[in-house]
Amino acid sequence: MFSRIVLGLLSFLGFGAGRQCSGNVDVVGDTLRRGIVEYLDCCCTLYSAGTPVSRLVADYKGLAERGIVEGFVPVIVEVDANLYDMLLENSGCGGIMDIEKVREYRRLAVCKQVEDGKALLARRLAEYKDCLKESGEADWETGIVGMEVYEDVGKIDAFVGFSNGGGLTANEFLLAKIPVRNVWDVFRWLPFGGWNACPSEDELVAVARYWYERYGAVPAVVTHDGVQFRVERPAKESEAMDLAAEQFAFGEDIVTQGVGNIRTLARLLTGSTVWCFWWD
């Protein structure tokens with residue numbers, strides 16, 4: 001079940017609270033849909049705004065089981081202009097869709113060496129601590145780690161941000177069968193990062209590999225400003241504090257604009273089968 005503190009936070013941030021779409025197919029919207037489908041370059045299914053969230057999630061779970069055998073990773077992708085522009089830019093298309101350029105980018109990207117994700121997160125965390133010390137804005141132990149867990153924190157066991165209430169999708173989504181052998185290569189197929197505080201594509205790949213090998217975390221949702229992982233081996237209480245610190249290094253907004261401190265995040269992560277990240 002979700003805690004009220006987490007649901008209230010997601011509502012405050014507008015996570016998933018996107019545009020309400022009418023039943024009419026507008027020219028701009030139709031062009032965007034075709035563009036993202038072409039970019040994905042794989043089998044995918046469109047879920048229009050107003051689709052029951054339960055149907056989308058059930059279809060995802062069915063594909064997750066099939067993907068292990070058939071060699072693909074199912075990912076729920078938001079139909080969003082900002083996300084589309086970002087993917088084109090990061091793929092070297094210069095804002096203009098060119099599927100041959102995208103395919104060449106992917107061919108070269110999957111051959112790149114993957115950095116040590118654990119070491120990368122440790123480095124990012126150390127850099128944050130140094131900046132915090134220099135600025136004097138807050139104390140790491142009391143202000144960031146926290147002295148106590150905030151009340152009413154449960155665990156996350158379902159994807160979030162698909163609807164504005166009522167159990168229907170607020171935006172349009174595509175359920176794509178990403179044809180990659182390694183789950184972390186989802187971020188090669190969908191080069192999401194490198195903007196604002198969001199990790200770069202190479203960092204996303206490195207961390208995704210590390211978390212998959214340790215927790216069975218699989219990239220499952222990509223929106224214009226966030227990602228969600230499905231977790232096969234949830235963190236135990238004994239390892240949750242270390243994981244929470246890593247997740248803070250990966251995306252500090254989940255703490256500073258979210259649950260309030262790392263100690264509370266650790267409690268939230270204990271047993272959670274879904275991890276959520278967003279970047280402003």
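In what order do the six strands of the open sheet run? In this predicted model, the order is 1-3-2-4-5-6, and the pairing is mixed. The two edges are formed by strand 1 (44-47) and strand 6 (274-278), each of which pairs on one side only. From one strand to the next, the twist averages 25°.

Let's step into the sheet at strand 2, residues 73-78. On one side, strand 2 pairs with strand 3 (residues 173-178) in the antiparallel sense, over six bridges.

Now look at how strand 2 is covered. Six of its six residues are buried. In a regular strand, side chains alternate between the two faces of the sheet. Val73, Val75 and Val77 lie on one side of strand 2 and Pro74, Ile76 and Glu78 on the other, and all are buried, so both faces are covered.

Moving along to strand 5 (residues 226-231), you will find five bridges to strand 6, with the two strands running antiparallel. Within this pairing, Val227 stands opposite Phe277 of strand 6.

Helix 3 (residues 53-70) lies across strand 1, strand 2, strand 3, strand 4 and strand 5, and runs at about 5° to strand 3. Helix 9 (residues 201-215) lies across strand 4, strand 5 and strand 6, running at about 130° to strand 4.

Conventions
Residues are numbered from 1 along each chain as its sequence is written. This is a predicted model: local features need pLDDT of at least 70, side-chain atom pairs count only at pLDDT 80 or more; totals for chains, interfaces and linings use all residues. Side-chain values use heavy atoms; hydrogens and water are left out. Buried means under 20% relative accessible area, exposed over 50%, partly exposed in between (1.4 Å probe, protein chains only). Helices (H or I, at least four residues) and strands (E, at least two) are DSSP runs, numbered from the N terminus. Two strands pair if DSSP finds at least two bridges between them. Axes are lines fitted to C-alpha atoms, for helices over the stretch in contact, and angles run from 0 to 180 degrees between N-to-C directions. Contact means heavy atoms within 4.5 Å.
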